[in-house]
Amino acid sequence: MNGKKLLPIFVAILVAVFVAPALHAQDWVRTGTNLGVQRIRIASARFKPLNNNAQTLSFQSIFDQVLYNDLKNAGIFDVVSPSMIPPETPGTPKEIHLDQWAAAPSNAAMVAFGNIAVDGGHVTVQGYLFDAKNPQTPQILGKQYSDDAGIENTRWIAHRFADEIIERVGGGINGICETHIYYVSNHSGNKEIWVMDYDGYNAHQITHLGTISLSPRVSPDNTRVAFSSLENHKGWVIRMWSLTLNRPVRFASPGGTSISPAWSSDGTKIAFSSSRTGDNEIYTTGPDGGDLHRITAFRGPDSSPTWNPKTNSQIAWVSGRTGLPQIYTMNADGSNVLRLTDGGYATSPSWSPNGQFLTFAWNRKYGPGAPGGQDIYIMDVASRHWVQLTHEQGANDSPSWAPDNRHIVFQRDNQIWSMLADGTDQQQLTHQGSNTMPNWSWK
Amino acid sequence: MFTTVRIRKNHTNRRALVLIAGLAAMLAIAGCHKKKVAPPPPPAPPPAAAAPTANITAQPDAINAGQSAVLTWSTTDANSAEIEGIGPVPTSGTRNVNPTESTTYTLTATGDGGSATATARVTVNAAAAPSAPTESNITEDVFHQNVKDVFYDYDSYSIRPDAQSVVQQDAAYLNQHPELKVVVGGYCDERGSTEYNLALGENRANAAKQALVADGVSPSRLRTVSYGKEKQFCTEHNESCWQQNRRADFTLDK
């Protein structure tokens, strides 16, 4: 046997050695609200540029990319790969040959297509959605969008068109392409509150307080952000930031360490944790901090409340009353306390918009000398059945539901990721600095 | 709809192991037929140690006499660090200083790859009005020599038996100096949730406060602040470092 023959064998051994450990992994259970439902196969055509203006061509390629990504991210489509779509660029309904899109290899059930032009400082898009299996009356959607010419506006038009498609085809549930994610970033040197589009683009800084600001929670009408901030001589206070005025507005934070605010879905109440009596307990107030009610009374840390957004009559939160932190639920007046998690270290709950699930961070093997993984889980509140969504990748925390019930945003180590609520399609949204504590905006 | 799908992971691992064993055996046999064994390569020189870096800032960088500023420093690849005029310090950290005249603080980081320095200057503006007779002249350094930090067990805010005597000595000093007002800071290690650790840090600060109150210190002199895991005394990922970070500390409240 000579060296030339040995080389491929050696490579094979190396490959086997490195691949084998992955095969030892435990069985993972996948669950979610969409499994078992056939995904709709949709094709997104190249949009037709209506002139040869350089800006038109540049915006057309941005538009195509954003629309394609939005449809892929939606979680309800099987998006036809660009290499399998027919070689045509239909700009209008007259120009499309639907039979080609319905046939192999595209096999599309739906086709999104249209045209784009930049003219006179405006970008204009006409978008159509056709049912490829219904050649008699194929049109499902026909929309025209126009805005000042610009990359951000072009991205936004693609998001709006994608949301129209998702709402029309996805069982009437609004898409999330026009939503935002609020989070904490140290990009400017201090931990400040930032916001970005749902896909990680267009990040910008909201607060410039020069201290430590944490736990942003946007109001249901998307006009204010509640957060906690460390103030000289006061400690941690709840602050309220107006997104319309772009400045802080009044919130009467009680004394003591006040942290982790949470809006009720009707915008009339805020729940948070405060140590004004010396021990952190959960309180509720009006949106300006008035009408303070204490709703827990038990020795040990209590933090991170989240309202059931379906009813606003229940609150889930984290309590260390029995030792390691666990997830509990109670009625909004503090009655009927139930413990949901059975051990480990469970924190950071977020209640799903439909009221059915909690998502939270859980380290089931937590303890001194037992370095378990901190992963994202969801739990069906009624049955307490839970499912692990992240596995063996970093320390995961601060999950937050998207308004469509289908997506969750979370932090992994010091970056923000999103995924479908069954743990698939994990995508890293931020890359520079430390970006944590994401909060998905309301529709 | 709430459905569950069990995904069976590929169970070819045993086959892969047999394959590896077989291939490894073949490789071993092939090795025996080699005519000449190459001499072992000379031992590689030890990898060059990275040169340390140092960074220090003062906040604010201008104060009035009698006020304090906070030095914040960090280093990389350093085994030790020293601030001129203060002495040896952790390789990263923060410290209150209250210089009486403008002072330049020089941080020297020393590591296997050499040393690095960085400076921060605190400018002290002309002396304010002469201090009132009730005002304390105890410096932060003297205070820290007499009022020691309290350390906690993992996920706990109980004062440990070994901390009881520390708290009693702290209380005795504070009772001797009734003019001093104190901030009790609560700190947690890096593990776990940011929000829960802020609540736990508050419980730690409050437990230290209540212990001082039990030993006769007036609660009106004590203010608690939780730093959760936002400010770390030690940034390595091991138990000795985590223990350093699970504490309550005491600083003069100005």
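Visitor: How many salt bridges does a search of the whole structure find over all chains?

Guide: A salt bridge pairs a side-chain nitrogen of Lys or Arg with a carboxyl oxygen of Asp or Glu. This is a predicted model, and the search finds 20 salt bridges over all chains.

Visitor: Which residue forms a salt bridge with Asp78(A)?

Guide: Arg41(A) does, with the closest N and O atoms 3.1 Å apart. The pair links distant parts of chain A: Asp78(A) is in strand E4 and Arg41(A) in strand E2, 37 residues apart.

Visitor: Why does Asp78(A) count as partly exposed?

Guide: Partly exposed lies between the 20% limit for buried and the 50% limit for exposed. Asp78(A) has 33% relative accessibility, so Asp78(A) falls in that class.

Visitor: Is Arg160(B) buried or exposed?

Guide: Arg160(B) counts as buried because its relative accessibility is 16%. The side chain of Arg160(B) meets that of Asp162(B) in a salt bridge of 3.2 Å, N to O.

Visitor: Which residues are linked in a network of salt bridges?

Guide: Asp189(B), Arg191(B), Glu239(B) and Arg246(B) form such a network.

Visitor: How many residues has the largest nonpolar core?

Guide: A nonpolar core is a set of buried residues joined through side-chain atoms. Here the largest has 42 residues, and those with the most contacts inside it include Phe63(A), Leu67(A) and Phe161(A). Helix H2 and helix H4 of chain A are among the elements that each supply at least two residues.

Visitor: Where does this core lie?

Guide: This core lies between domain 1 (40-169) and domain 2 (180-440) of chain A, because both give residues to it.

Conventions:
Residues numbered from 1 in each chain as written. Chains lettered and ligands numbered in written order. Predicted model: local features only at pLDDT ≥ 70, side-chain atom pairs only at ≥ 80, totals over all residues. Heavy atoms only, no water. Salt bridge = Lys/Arg side-chain N within 4 Å of Asp/Glu carboxyl O. Helix = DSSP H or I, 4+ residues; strand = E, 2+ residues; numbered from the N terminus. Buried < 20%, exposed > 50% of the residue type's maximum accessible area, 1.4 Å probe, protein only. Core = buried A, V, L, I, M, F, W, Y, C linked by side-chain atoms within 4.5 Å. Domains from an automatic or database assignment.
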